[in-house]
Amino acid sequence: MPRRKIPTKAELIQLQKLYKTDEKIAERLGNVTPQLVAYWRRKKNIPKHSFPKFSDAEIRELWERFGDDYRCGLELGISKAAFYNWRRRYGLKDKPAFLKLEQLELNLGGPKKLIGKKYHYGQRTIAQKIFAERAGVERVEEGEFVEVEPDLAMSHLNAADVIEKFQAFGLNYVWNPNRIVIPLDCRVTDCSNHDSGLQKAIREFVKRQNIKHFYDFREGGCHQIVVERGHVLPGQLALGTDVETTAYGAVGALAAGIDTQEMASVWALGKIWIRVPTTVKIMINGRMPRGVFAMDVGLFIAKKLTSAGAAYRSIEFNGTAMTQMSISERMTLTGMARAMGTKAAVCPFDTTTRRFFVGRTKMPYRPSLADKDASYSDTYEFNIDSLVPKIACPGRADNVRPVAEVEGTSLDKIIIGSTNSGRFDDLRLMADILKGNQVHPDVQLIVFPGSRSIYLEALKKGLIRAFVEAGVVVMNPQSGPGPNDQQCLLGDGERCLATFCDNRPGALGSEKAEIYLASPATAAASAISGVITDPTRFVG
Amino acid sequence: MCTYMMISGVCRVMDSDTISPSIADGAVILVARTAITDGGLDHSIITGLKAVGVVCIIAPGFARHLYRGMINNGIAPIECGATDHITDGDTVEVNLAEGHLTHGTTVSDFSPLPDFMRKILLAGSLAAYTEQEIANK
């Protein structure tokens, strides 16, 4: 048998350039297996050919569609410069046809309208795009019913109820354990025998089903964990058995709350019915003045829209003020959207969002942007340059007034927590205000750090020490008290200031208690004086 | 009567937006003159209505969670404001597939329900529909 000629390194590199894969090279050489080609390659330190991340067709299609490096880059999750480089790589130097025609100002009548219709982005909102993708259809219209498969299904302690309903179906396995996230949250100090039994049932179920994304109650609040750990990504659809699931919209995902029976159906079938909502666009322009924070902006918008203003609709936030907000502030805003009765709330995907996910996830994602000509049921534009700190008075979250109008009202408890606050930014702001001061003896200030990592960061930076020295009660990481919990409950006639989004009678115990909603800054300032206080003079 | 395509039966008209199972009084269809918001209905009432045989509620609008609760419990929520011609005790026919509400010679339109929604209603609840889908797999 003639001795096989082994190609030299240069020859192998040349072959790889022409034929790319080991299989094709082996085919070309004849009488050689792909494994042998791979062996030669490894011996000569030639790496395996990797296909480009974005194909020629992909880049070309986007360029023809948008004609703008920035917009194209956003679709792929890369920068404007990166997309330009990809375009150059594939030799796309010319502008797309529709831009050339626009420049020539050709009045083509019918054909021009066709081109306009083709390239003016399809008139879809973010909600329409995401629901269409998850339903596996080209397009969905507002008001249409579709069955969608979510990218993420979140349940906290009520996962026990979901498990019971799921097991009633007689199935052995959930639809996709990698898409289920169960952060236990809450119910630590106020844990009854029954609750402990529920937690045990959840732990056993999680082990049986191999659900990797399970976070026991030491880890913190459910929504904070989901966002912090990168479980929900831009352009995804997330469903949760909690009304504050809308907070995931801060990272450009579409998220809605469902009940435990619906979640059990999701675990069983991997899909659930949804009615595509109409969308309200809210433009927030300007800059937050001193003393005004995301919670004040959220309360301001809740008053303008009222609690039924966005009922069964989704909200798209945008505007110059939005682009200046951090993800933490956006979570406060989208969490507050619940006070407007909304189904879902989304913030735009931009550089802030992209930077947030650097190092947080290795999963690819495709952000969804509203089409340039998307139609909205209502559009609101607000300028917050002259906004003042706001407070929601007892009874309704849209019963909002300037803090100055209720200044001097005595308080019994102040609670910082929930999806709206409890993040590191909020804790640092509070620590700055409380520095050198003590909590008023007539008031109990209770802080719930949002997660274990936030708690550790606060410990490292000395914030927890500052809180304890000031007389703050620092709880374990969690979302904070809720209607069904037994912690921080209010008695008859007690008055509480909280950073939540729900202040209905009975939301925290007695129906005769009063709950005000305000920003962490207002809460910290009020804790010092013992009465509701405008934080403006405390903030540097 | 309730089939995959159609619901027909005696209806009861409600003047207030607060509903309770006792209002049904043998009727299978309830008609509300005003939109049903949070205060007018809750989940315990939905199950109560289901228990007394109500299969359809017609109103100009519904709060979101109530809409979902009704579908998931097998009660068809029909959004239709043109119901002034309907009086207590009348027989109406609701065509779920085509989106027509027929009362005598008067036909009003509403958004039709797609195939899988009608299956949920016919199964009686989301849980029953899920069991059927599992059995069909």
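## Domains of chain A

Into which domains is chain A divided? There are domain 1 (56–119), domain 2 (145–383) and domain 3 (392–538). The bounds come from an automatic or database domain assignment. The centres of domain 1 of chain A and domain 2 of chain A, taken over C-alpha atoms, are separated by 33 Å.

This is a predicted model: local features need pLDDT of at least 70, side-chain atom pairs count only at pLDDT 80 or more, and totals for chains, interfaces and linings use all residues. Residues are numbered from 1 along each chain as its sequence is written, while chains are lettered from A and ligands numbered from 1 in the order in which they are written.

## Where chain A meets chain B

Chain A brings 15 residues to the contact and chain B brings 14 residues. Two residues are in contact if their C-beta atoms, placed from the backbone, lie within 7 Å. On the chain A side, strand 1 (145–148) and helix 13 (260–269) give two or more residues. Helix 13 of chain A gives the most, with 5 residues. Helices (H or I, at least four residues) and strands (E, at least two) are DSSP runs, numbered from the N terminus.

By class, this side of chain A has 8 nonpolar, 3 polar and 4 charged residues. Ala, Val, Leu, Ile, Met, Phe, Trp, Tyr, Cys and Pro count as nonpolar; Asp, Glu, Lys and Arg count as charged; the others, Gly among them, count as polar.

## Ser314(A)

Ser314(A) lies in strand 9 (residues 313–318) of chain A. Ser314(A) is buried, because 30 other C-beta atoms lie within 10 Å; the cut-off for buried is 20 or more, with C-beta atoms placed from the backbone.

Not counting residues up to four places away in sequence, Ser314(A) touches residues including Ala127(A), Pro277(A) and Ala345(A). Ser314(A) and Ala345(A) are 31 residues apart in sequence, yet 5.5 Å apart in space, C-alpha to C-alpha.

## The sheet of chain B

Chain B holds an open sheet of 7 strands, in the order 4-3-2-1-5-6-7, with mixed pairing. Two strands pair if DSSP finds at least two bridges between them. Strand 4 (76–79) and strand 7 (106–109) of chain B are at the edges; each has a single partner strand, so one side of each has no neighbour in the sheet.

Strand 2 (residues 29–32) and strand 3 (residues 56–59) of chain B run parallel, joined by 3 bridges. Val31(B) stands opposite Ile58(B) in strand 3 of chain B. Strand 5 (residues 91–95) and strand 6 (residues 100–103) of chain B run antiparallel, also with 3 bridges. Their hairpin has 4 residues between the strands, and Gly99(B) takes a positive phi near 80 degrees.

Conventions
Buried ≥ 20, exposed ≤ 12 C-beta atoms within 10 Å, placed from the backbone.
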